[in-house]
Amino acid sequence: MTEPPPPPAPITLLLPDGQAIARVWLYEREQLDSGLWMYRIGVPLWQTAVGGGVEPAEYSTWVTAEQLRPLPGVDLGRVPAHPRTRTPAPARWAWLLDGRVHGRPGTVHAEGCPSATDGAHPLGTMQALDALARPGTTACTVCDAAEALLPILAHGQNDVPAAGD
């Protein structure tokens, strides 16, 4: 008989605009080949109910440690951890942009990603980085897109001098 998974741990989520949501749910963490850990969280929200009104819902996504802060007194040691098995890097990187239609955000995938749809179109590395620089576009965490492209995109961003320096 298998044990049920431990209950999710409450944790604080930091939003891009600096606000914090003090209590979201941390379900699990997964280590990428680079050593970076990604954390699956659930954010409690409301959604429109069938027939009108609203009902509780949860938005689930993966974030990095930079977007999270532990809550005092909460033991995160019971959160399931999954080290990623190493896979050989492809001889050349090829990317796909999926879902960007009529100005809506999309997702960048590595070529061959099982999460990409048939409607995804191929990109070069610079095009993939340009797409990720657009607000709302994300890098897939199922394939190597997030692990390979996000560090490149973030490189040097903390080195920019403040205005007036």
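Which residues of helix 2 are buried?

What you see is a predicted model, where local features need pLDDT of at least 70, side-chain atom pairs count only at pLDDT 80 or more, and totals for chains, interfaces and linings use all residues. Residues are numbered from 1 along each chain as its sequence is written, and side-chain values use heavy atoms, with hydrogens and water left out.

Start with the overview. The protein chain has 2 helices and 10 strands. Helices here are DSSP runs of H or I with at least four residues, strands are runs of E with at least two, and both are numbered from the N terminus. Along the sequence, the pattern reads β-β-β-β-β-β-β-β-β-α-β-α. Of the 165 residues in the protein chain, 29% are buried. Buried means under 20% relative accessible area, exposed means over 50%, and partly exposed is in between, with a 1.4 Å probe and protein chains only. Now contacts, meaning heavy atoms within 4.5 Å. Take those in the protein chain with a separation of 6 or more: residues 24 or more positions apart account for 51% of them.

Back to the opening question. The buried residues of helix 2 are Ala145, Ala146, Glu147 and Leu149. They pack against strand 7, strand 8, strand 10 and helix 1, which covers 125-133.

Next, the sheet beside that helix. It is an open sheet of 4 strands, in the order 9-7-8-10, with mixed pairing. Two strands count as paired if DSSP finds at least two bridges between them. At the edges sit strand 9 (121-123) and strand 10 (138-139), each pairing on one side only. Helix 2, residues 145-154, packs on this sheet and touches strand 7, strand 8 and strand 10. Its direction makes about 115 degrees with that of strand 8. For such angles, axes are lines fitted to C-alpha atoms, for helices over the stretch in contact, and the angle runs from 0 to 180 degrees between N-to-C directions.

Look at the middle of the order. Strand 7 (residues 95-98) and strand 8 (residues 107-110) are antiparallel, with 4 bridges. Leu96 faces His109 of strand 8. Leu97 stands opposite Val108, also in strand 8. Val108 has a bridge partner in strand 10 as well, namely Ala139. Strand 8 and strand 10 run parallel, over 2 bridges.

Is Glu111 buried or exposed? Glu111 counts as exposed, because its relative accessibility is 52%. From Glu111 to His121 is 10 residues in sequence and 9.7 Å in space, C-alpha to C-alpha.

Now the cysteines. How many disulfides are there? The count is 0, where a disulfide is a pair of cysteine sulfur atoms within 2.5 Å. Cys113 is in none; its nearest cysteine sulfur belongs to Cys143, 3.8 Å away. Cys113 is buried, at 8% relative accessible area. Cys140 is buried too, at 6%.

Move to another pair of strands. Strand 3 (residues 37-48) pairs with strand 4 (residues 54-64) in the antiparallel sense, over 11 bridges. The two form a hairpin with 5 residues between them. In the turn, Gly51 has a positive phi of about 90 degrees. Thr48 stands opposite Val54 in strand 4.

Met38 lies in strand 3. Met38 counts as buried because its relative accessible area is 6%. Which residues does Met38 touch, leaving aside neighbours within four places in sequence? The contacts are Glu28, Arg29, Glu30, Leu32, Trp62, Val63, Thr64 and Thr141. Met38 and Ala65 are 27 residues apart in sequence, yet 7.0 Å apart in space, C-alpha to C-alpha.

One last stop: the rings. Arg29 lies over the face of Trp37, 4.2 Å from the ring centre. The rule for a charge over a ring is NZ of Lys or CZ of Arg within 6 Å of the ring centre and within 35 degrees of the ring normal.

That is the tour.
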